[in-house]
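The following paragraphs describe the pockets and the nonpolar cores of the model shown here.

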Amino acid sequence: MTSSPITIRLGQRARQRIAAEGMQAADVAIIPAAAGGPKGLILHGLDRWLFGDFLKQAPRQRRLIGASIGAWRMAAAAFHDPDASHRRLARLYTHQRYPAKVDAAYVSNTCRALLDELLDGRAAETLNNPQYSLSIITARGVGPLAQAAGNRWRELSGFLRAAAGNALSRSRLAGAMERVVFHDARDSQDWLRQEFDAFANHFVGLSEHNLRDALLASGSIPMVLEAVSGIAGAPGGAYWDGGLIDYHLHLPYQRDPGLVLYPHFSDYIVPGWLDKSMPWRRARDAAVDNVILVSPSKSFLATLPNGKMPDRADFKFYGQDHDTRIRDWTRAIGESERMAEAFARWCDKPDLSRTVPF
């Protein structure tokens, strides 16, 4: 697949189903979306095709679940006009501008304004979509992190201790934070309520009163943005980026009889943000049996500006040259259409020989 702009990984159950029935939109039950900041922009073309074309061929109840920018992408997908909302998100995210010296409060206020423009006063559309139920993953601090919000040194100390524990065992991270899922009130979330890892889970119904704050919390990177607190209907405490626990969303997908269609900026799944440098923690278990993972190929990435997808380091790399960063990110977003075209062709005539297992 070196000449293709995409890599496709298939779990065993997904492979068997596609071999028997082809790639059917009606089989898709869950669409996950990873945290990853600007990396999510490389999935713009896939998002527009997936929600504006492919899934519309077979309307049904589907779960959209994401963390950080993944949650923002899934919120955009749940609008009545997903093509327009995904374009709006890409424009708003790409055109962020920050001064040379900036603090967490400034970044939080900028992102809060971005989300207000994305939602455009129409939060009810994302909450009442007859086909999609939205879930937003956040991380709530416990132990030392429960009292760290607003104190930079306590926050830094708390997260350093959490990182040290996670290096020894992912289960130790559960002593520093809990998973809080803000979800469509129409969805019982049965597939997540039964224990599947060491983290305590809380479930909070989404409403017009907490949607924006849940989205902001889900993308609130420690030390970069402020923790979010006082979220309507949620347990008290400090809320941070959902990617801390669920960076690539290694969730119990096998509990759903349908397929999981996962547009992703990486060709593998790791559980949490702190696990990025630990290849032994990549998902190869039953959770990916029904997953179809679509990601940019290495040959495709080599054609992009700087030979890579947009990422958060670009804010530092380009510095105050915002216009050049915006130009290069916009070009990468445009190139993402090639990924969508390639995957659309594959879905029309699935060639299993051009896929790889997890």
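The second largest pocket has a volume of about 320 Å³. A pocket is an open set of points, on a 1 Å grid over the protein atoms alone, where a 1.4 Å probe fits, with protein on both sides within 12 Å along at least five of seven lines; lining residues have an atom within 4 Å of a point. The model is predicted: local features need pLDDT of at least 70, side-chain atom pairs count only at pLDDT 80 or more, and totals for chains, interfaces and linings use all residues. Residues are numbered from 1 along each chain as its sequence is written, and side-chain values use heavy atoms, without hydrogens or water.

Sixteen residues line this second pocket, with F265, S266, D267, Y268 and M309 nearest its centre. Strand β9 (291–296) and helix α12 (298–301) each give two or more residues to its lining.

The largest pocket has a volume of about 1200 Å³. Its lining holds 46 residues, and I221, P222, V224, L225 and R312 lie nearest its centre. Helix α7 gives the most to this lining, with six residues.

The largest nonpolar core has 100 residues, and F54, F182, I292 and F343 have the most contacts inside it. Such a core joins buried Ala, Val, Leu, Ile, Met, Phe, Trp, Tyr and Cys residues through side-chain atoms within 4.5 Å, where buried means under 20% relative accessible area with a 1.4 Å probe, protein chains only. A second, separate core of 14 residues includes F159, L173, A174 and L244.

Conventions:
Points joined across faces, edges and corners; volume = space filled by probe spheres on them. Helix = DSSP H or I, 4+ residues; strand = E, 2+ residues; numbered from the N terminus. Buried < 20%, exposed > 50% of the residue type's maximum accessible area, 1.4 Å probe, protein only.
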